[in-house]
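Dear colleague,

Please find below the structure that I am handing over to you. My findings follow it.

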Amino acid sequence: MAAALDGQRVIGLDRHSAWGGLDTEMIQGDLLDDGWLTRTVGQVAPSVVVHCAAMVDVDACERQPALAEAYNVGMTRTLARAVSPGALFVYIATDGIFDGRAPYRTEADVPRPLTAYGRSKLCGEHEVRTACGNHLIVRTNFYGWSSGRKKTSAEWLYGALDRGEPITGFTDFYFTPIYVVDFVNRLRRLMASSHRGTFHLCGSERVSKHQFAMRLAEVAGLPTASLRAGSIEDAQLAAPRPRDMSLSSRRFTALTDLEVPDCLSGLRRFVPDRIRPLSERFVDARG
Ligand SMILES: NC(=O)c1ccc[n+]([C@@H]2O[C@H](COP(=O)([O-])OP(=O)(O)OC[C@H]3O[C@@H](n4cnc5c(N)ncnc54)[C@H](OP(=O)(O)O)[C@@H]3O)[C@@H](O)[C@H]2O)c1
């Protein structure tokens, strides 16, 4: 929403009344309430819907798969069916639908999710494809600063490094992270193009969680003495983790002619944005 506030009307549907100190038009409600969601979307009649709401805690989804399904499948189905035919439906999808046995997965690779979260988000993709001809399903893995209401994982990592708290960076768990501003910037260009369908949109570089933490520390000038290298095998997590969640954004790059950033260049934009208000972090995305 912060990126899209450039003259067009943007309405947020959220269970909170405000978002990140932005002067935004919000309609407050629970997206799990099918009747409310269908009525509200019918009244607003949006030409574009960007569906970001989900149950995102991978371990909570594993413990409560029926709830994960209600959020990530049921809610998506209701929303996708509520929009007018022809409206553009954008679904923020996940890299967590692959089994993690090979790097740089493409859109042609067959998903095989290991977790309840991954399965539910993959079923969400199916709901979007079935209900909306005009859709973008964009699989990603992003990081950023929060809007202020709750902490993101990158924020947590930055804080732990800053305070010198002991933390473990996994050396055997890979991903292709992209700074959320870089992601949104490119997503908006994709939305404005004639390209539709399923896309991978991530950073260009596959890094381990440990490498990511080391690079964040390097860019932010934070000490790394408290950062220990470890294995995800030793973490007590409810959900199994695919070891390699990296995605190839080659299709996106080939069709749009837009490069995706490497890890360090994204972090160099992320770190200074820490002290900028949300409304200013997306200035580039509006350009
Ligand atoms: N972070 C990533 O790297 C990543 C990777 C791939 C895909 N995604 C997708 O990107 C989207 C955003 O994820 P995120 O990581 O940014 O997590 P997030 O901040 O927790 O975003 C999810 C949002 O959905 C809202 N929501 C959930 N249930 C709702 C309901 N019943 N009614 C109204 N609002 C509801 C949450 O509100 P509350 O804060 O009140 O819970 C939260 O604002 C999700 O669809 C996720 O699957 C994220």
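A crossing of two helices is called left-handed if the near helix is turned anticlockwise from the far one by less than a right angle, and right-handed if clockwise. By that convention, α1 and α3 make a right-handed crossing. The model is a predicted one, in which local features need pLDDT of at least 70 and side-chain atom pairs count only at pLDDT 80 or more, while totals for chains, interfaces and linings use all residues. Residue numbers start from 1 along each chain as its sequence is written.

Overall form

The chain contains 11 helices and 12 strands; helices (H or I, at least four residues) and strands (E, at least two) are DSSP runs, numbered from the N terminus. Its C-alpha trace spans about 55 × 40 × 35 Å along the principal axes. The radius of gyration of the chain is 19 Å, which agrees with the value near 19 Å for a compact globule of 287 residues. That radius is taken over C-alpha atoms, and the globule rule is 2.2 Å times the number of residues to the power 0.38.

Helix packing

Axes are lines fitted to C-alpha atoms, for helices over the stretch in contact, and angles run from 0 to 180 degrees between N-to-C directions. Angles under 35 degrees count as roughly parallel, over 145 as roughly antiparallel, 65 to 115 as roughly perpendicular and the rest as oblique. Two residues are in contact if their C-beta atoms, placed from the backbone, lie within 7 Å.

The axes of α1 (residues 34-44) and α3 come within 9 Å and cross at roughly 25°, and the two helices are therefore roughly parallel. Asp34, Leu37, Thr38, Val41 and Gly42 of α1 meet Thr78, Leu79 and Ala82 of α3. These contact residues comprise four nonpolar, three polar and one charged; Ala, Val, Leu, Ile, Met, Phe, Trp, Tyr, Cys and Pro count as nonpolar, Asp, Glu, Lys and Arg as charged, and the others, Gly among them, as polar.

Helix α3 (residues 65-82) also packs with α4 (residues 116-131), their axes coming within 9 Å and crossing at roughly 15°. This makes α3 roughly parallel to α4, and their crossing is right-handed. The contact between α3 and α4 has nine nonpolar, four polar and five charged residues.

For α7 (residues 209-220) and α9 (residues 263-270), the axes come within 10 Å and cross at roughly 50°, so the pair is oblique. Phe212, Arg215, Leu216 and Val219 of α7 contact Cys263, Leu264, Leu267 and Arg268 of α9. Six of these residues are nonpolar, none is polar and two are charged.

Ligand surroundings

Around the ligand there are 17 residues, of which Leu31, Ala53, Ala54, Ile92 and Thr94 come nearest; a residue is near a molecule if its C-beta atom, placed from the backbone, lies within 6 Å of it. The shell has nine nonpolar, three polar and five charged residues.

Yours sincerely
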